[in-house]
Amino acid sequence: MTLSLIEGVLLVFVLGCAIGAAVLRDVLASLMAFAAYSLGISIIWVMLEAPDVGLTEAAVGAGIMTILFILALANTVRPQENGLFESISVRTVVLVGAFVVVMIATVPSLPAVGAEGAANPVVSGEITQHYIDNAYADTEVHNAVTAVLAAYRGFDTLGEAVVVFSAGVAALTVLRQEVFA
């Protein structure tokens with residue numbers, strides 16, 4: 001597996017933002033690092049030829065969640081900060097390092113980005129072909145992506161909607177606004 005220059009820069013950017021979000025002591029700085037991380041992940045999704053997922057990540061992760069966190073932060077008390085970074089225990093570093101090693105070990109089993117035919121089992125697989133051939137007959141929805149999201153994965157999509165709704169309710173509770181009146 002080889003990375004292009006832009007992929008390498010994007011990977012370093014995302015990892016730097018993730019580490020920054022985890023170790024920065026200032027909550028606002030950590031929040032900005034998290035928003036940048038989410039934006040980087042959305043670009044990765046677009047590069048992996050999943051623009052719908054990238055657009056959702058940009059809108060929800062980098063957009064709405066950042067706004068909700070900033071609103072919650074503005075309505076809560078920010079403690080005085082001493083130092084730039086959080087203190088990190090050795091046990092935490094070991095656990096996170098082990099997790100990263102396990103995740104990196106799975107990378108060689110992934111198909112290359114843009115691979116076609118037998119080199120990419122996602123594109124040429126039996127399940128993908130089943131959805132393409134039967135989406136309309138099974139769901140009467142003309143768009144195969146919509147058929148997968150709304151019919152085949154309906155409960156998953158419902159769960160995601162519940163999570164977003166719960167986040168909105170929690171944000172409104174923090175803000176103490178009477179929107180439901």
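What follows goes from the chain as a whole to a handful of single residues.

The model is predicted, and its chain holds eight helices and zero strands. Buried residues account for 16% of the 181 residues in the chain.

**Overall form and surface**

- Followed along the sequence, the elements of the chain give the pattern α-α-α-α-α-α-α-α, and the C-alpha trace spans about 60 × 50 × 30 Å along its principal axes.
- When contacts between residues at least 6 apart in sequence are considered, 50% of them join residues that are at least 24 apart.
- The chain has an accessible surface of about 13,200 Å², and carbon and sulfur atoms contribute 71% of that surface.
- The charged side chains comprise 5 positive and 15 negative ones, and the centres of these two sets are 23 Å apart.

**Two serines in helix α2**

- Ser-30 is placed in helix α2, which covers residues 27-47, and its relative accessible area of 15% falls under the 20% limit, so Ser-30 counts as buried.
- The side chain of Ser-30 comes to 2.6 Å from the backbone oxygen of Ala-21, and, once neighbours within four places in sequence are set aside, Ser-30 is in contact with Gly-20, Ala-21 and Leu-24.
- Ser-38 also lies in helix α2, where its relative accessible area is 1%, and Ser-38 is therefore classed as buried, the limit being under 20%.
- Apart from residues up to four places away in sequence, Ser-38 touches Glu-57, Gly-61 and Ala-62.

- Leaving out neighbours within four places in sequence, the contacts of Pro-111 are with Ala-119, Asn-120 and Pro-121.
- Between Pro-111 and Ile-127 there are 16 residues of separation in sequence and 16 Å in space, taken from C-alpha to C-alpha.
- Val-123 belongs to helix α5, which runs over residues 121-124, and a relative accessible area of 51% makes Val-123 exposed, because exposed means over 50%.
- Val-123 and Ile-70 are 53 residues apart along the chain, and their C-alpha atoms are separated by 40 Å.

**Two glutamates with positive phi**

- Glu-49, although not a glycine, has a positive phi of about 65°, and its place is in the loop between α2 and α3, the latter covering residues 51-74.
- The relative accessible area of Glu-49 is 58%, and this residue is therefore exposed by the rule of over 50%.
- Glu-140 likewise has a positive phi, near 60°, in a residue other than glycine, and Glu-140 lies in the loop that sits between α6 (126-139) and α7 (144-152).
- At a relative accessibility of 64%, Glu-140 counts as exposed.

Terms used:
Residues numbered from 1 in each chain as written. Predicted model: local features only at pLDDT ≥ 70, side-chain atom pairs only at ≥ 80, totals over all residues. Heavy atoms only, no water. Helix = DSSP H or I, 4+ residues; strand = E, 2+ residues; numbered from the N terminus. Buried < 20%, exposed > 50% of the residue type's maximum accessible area, 1.4 Å probe, protein only. Contact = heavy atoms within 4.5 Å. Areas by Shrake-Rupley, 256 points an atom, 1.4 Å probe, with all protein chains shown as cover. Lys, Arg positive; Asp, Glu negative; His and termini not counted. Charge placed at Lys NZ, Arg CZ, Asp CG, Glu CD. Polar contact = N/O pair within 3.5 Å; in protein donor to acceptor, adjacent residues only side chain to side chain.
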